[in-house]
Amino acid sequence: MAQTDLPNIVLAANDGQPVRDAGLADSALAVREMTVSYGQKPAVFSVDASFGEGRLAAIVGPNGAGKSTLLKAALGIVPRLSGHATAFGIPVEHAADRIAYVPQRASVDWEFPTRVIDVVLMGLYRQLGLLGRVRTKHLDTARSCLARVGMEDFADRQIGQLSGGQQQRVFLARALAQDADLYLLDEPFAGVDAATEKAIIDVLKALRDEQRTVVCVHHDLTTVADYFDDVLLLNVRKIAEGPVAQVFTADNLQKTYGGRLATVHIDQLRLAAG
């Protein structure tokens, strides 16, 4: 979807205010003063953000806004110039057993010769260990996770033989196998068909209903109001964060996207009742 083609966005009332900082201890994930730079240009600059427990949250902003970088920096995948991240009130590196991460599909080598079931079993590495023996209970868990994303019939298929949407479902199944409390997903809906998108969001909402926390880098503004409880609007710096009903406003989107929204008539955007 083109950045300027936004007639179906559902926005919150424009008098909403960002919620207060929930604090470190009360957040499933929190970043403080996070700055990341690639060369001379900061990708993320002095960002404070918190994601509450049992919530489904989106990180939204234009291309190059630092959305994926923020997640990777929080996890320590890319180095930080400054700042720190906590999960459930402790440093992220000490909470790794409670976190599952699903990278962008484009960053994965799908030519690697492995079966779908083996990819999902990777999510059980803490149970299996480096040289652990795969037992029936592990296979049952992996197949159950595949069933949850509608991929149980593909268990023995080579991963490279799947469509993009099917591959995305398999990576979600691998994350489910980790039985985490915090799920971080980088563009989970990018390049997938409508059926896969529905399957993924249904699983993510179910995780939220189980009091797990889900944070997604997301690009489609038209689905934010339907899919998410909370949103972080980011363009290198934090623009606003909080419940969608409060911060997903025309004013905040204009601040986030700037000229990319300049050609859109704000009166064409459909405001949510509020």
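Residues are numbered from 1 along each chain as its sequence is written. Because the model is predicted, local features need pLDDT of at least 70 and side-chain atom pairs count only at pLDDT 80 or more, whereas totals for chains, interfaces and linings use all residues; side-chain values rest on heavy atoms, without hydrogens or water.

The sheet is open and has 6 strands, in the order β7-β8-β9-β4-β10-β11. Its pairing is mixed. Strands β7 (99-102) and β11 (237-243) form the edges, each pairing on one side only. From one strand to the next, the twist averages 15°. Strands are DSSP runs of E with at least two residues, helices are runs of H or I with at least four, and both are numbered from the N terminus. Two strands count as paired if DSSP finds at least two bridges between them. Strands β8 (residues 182-186) and β9 (residues 213-218) run parallel and are joined by 5 bridges. Here Leu-185 stands opposite Cys-216 in β9.

Helix α6 (residues 194-209) packs on the sheet. The helix touches β4 (56-60), β8 and β9, contact meaning heavy atoms within 4.5 Å. The direction of α6 makes about 125° with that of β4. Angles are taken between N-to-C directions and run from 0 to 180 degrees; axes are lines fitted to C-alpha atoms, for helices over the stretch in contact. Helix α9 (residues 250-257) lies across β4, β10 (230-235) and β11. It runs at about 35° to β10.

The structure holds 12 salt bridges. Each requires a side-chain nitrogen of Lys or Arg within 4 Å of a carboxyl oxygen of Asp or Glu. Side chains of opposite charge can pair when their charged atoms come close. Accessibility is classed as buried (under 20% relative accessible area), exposed (over 50%) or partly exposed (in between), with a 1.4 Å probe and protein chains only.

Asp-118 and Arg-115 meet at 3.1 Å, N to O. Asp-118 is partly exposed at 26%, and Arg-115 is partly exposed at 31%. Arg-208 and Asp-209 form a salt bridge at 2.8 Å, N to O. Arg-208 is buried at 17%, whereas Asp-209 is exposed at 54%. Glu-241 pairs with Lys-238, their closest N and O atoms lying 3.0 Å apart. Glu-241 is buried at 9%; Lys-238 is partly exposed at 33%. A network of salt bridges links Arg-148, Asp-179, Glu-210 and Arg-212.
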